[in-house]
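Thanks for coming. I will walk through one structure this morning, starting with a sheet and ending with a pair of helices. Please have a look at it first.

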Amino acid sequence: MPQKADPQGGRKPKGPLRNGWTTGACATAAAKAAYIALLTGEFPDPVSIRLPGGEAPAFALAMEKLLADEASAGIIKDAGDDPDVTHGATVIARLRHGPPGSGIRFTAGQGVGTVTRPGLPLAIGEAAINPVPRQMMCAELTAIAESRGRIADIEVEISIPGGEAIAARTWNPRLGIVGGLSILGTTGIVHPFSCAAWIHSIHRGIDVARAMGLEHVLGATGSTSEKAAQALYGLPEEALLDMGDFAGGLLKYLRHHPLPRLTIAGGFAKMTKLAQGALDLHSARSQIDNSFLASLFPTRTSTLEHRILNANTALEVFEIAHEQGIDLAGPIARRARETALETLRGAPVAVEIIVTDRKGVILARSA
């Protein structure tokens, strides 16, 4: 249930980039500090934890509170140089003893969401604390309890003040996670501009759509093309996948987890890249090949070819074709569909491509 970090919109700094920590790592460190304080009356500061890969980072506490029957600790999320929307948020763990035999139970506090739809790796009604962060917390808390001859019967409440507002900038609402953010991370480490969170979100969106029995999903490069395609079909929110530039992430997952029908919608330039065979459509990772666009013109003079090859943008080439009465959008849609089908490698998915202009007017469809 990934957050909407924006590796596409954020400007990547020059030089070496600093790694950060996931909300799951922060929650684990906060929970460990709170449990030690609950048992001993003292908060460790800094507090170190063991990550799944063996790393042992230490975290400074941003807040601590000890009462007779509960303890709370908070850690400020540091995402390093990644443009993560949760950077700077405070992740708080509040722990209290549970009844004997209850084990470790997780609940959602302020700003942490609750699962309301099937298809996610947690049951409906559960706090949106992903499996790996749960495992990390359980390992740390169990080790502390065992070192003191105790059994870890603990209620762990994780909260993120302001998390509900931050969650409005993530995919959580579309995935059916209400009330706040997810606590996530599989390694504990945020690698700047890795795009992993975005692609994982696409995967979870497909999982939700499959679990809900949907037969038609829509992946769009942006809001304009999404609205244009949505106007045609009126698909439910759960069918709208935040594909962005990651056509490959969408298609490769559908190859192994197919749905009956897929519509991909995007502007002329993005769909040109897909037509060329690119699966990552971001401007930093794929470029328009003007010679490819020139090859789609039925006939061309040397003057016309010179104009095409020296055009600054795909839009300029499109306008040149329009002047000549040539349809470029249709061939682009067909070629983009061929790329999609090749990537699916025979998976039983019916593919449609929709090409739009910048105002959301549909220029071409291929199915």
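Predicted model: local features only at pLDDT ≥ 70, side-chain atom pairs only at ≥ 80, totals over all residues.

Residues are numbered from 1 along each chain as its sequence is written, and side-chain values use heavy atoms, with hydrogens and water left out. Helices (H or I, at least four residues) and strands (E, at least two) are DSSP runs, numbered from the N terminus.

Back to the strands. β7 and β10, residues 154–159, pair in the parallel sense over 5 bridges; two strands pair if DSSP finds at least two bridges between them. They belong to an open sheet of 5 strands, in the order β4-β5-β6-β10-β7, with mixed pairing. At the edges are β4 (63–66) and β7 (104–108), each of which pairs on one side only. From one strand to the next, the twist averages 15°.

Now the helices on this sheet. α1 packs on it and touches β4, β5 (70–76), β6 (90–97) and β10, with its direction at about 40° to that of β6. Contact here means heavy atoms within 4.5 Å. Axes are lines fitted to C-alpha atoms, for helices over the stretch in contact, and angles run from 0 to 180 degrees between N-to-C directions. α2 lies across β6, β7 and β10, and runs at about 135° to β7.

How do the axes of α1 and α2 cross? The axes of α1 (residues 23–40) and α2 (residues 131–147) come within 9 Å, at a crossing of roughly 20°. That makes α1 roughly parallel to α2, the term for angles under 35 degrees, while over 145 is roughly antiparallel, 65 to 115 roughly perpendicular and the rest oblique.

On the α8 side, the contact is made by F268, M271, T272, L274 and A275; on the α12 side, by A329, I332, R335, A336 and T339.

That is the end of my part.
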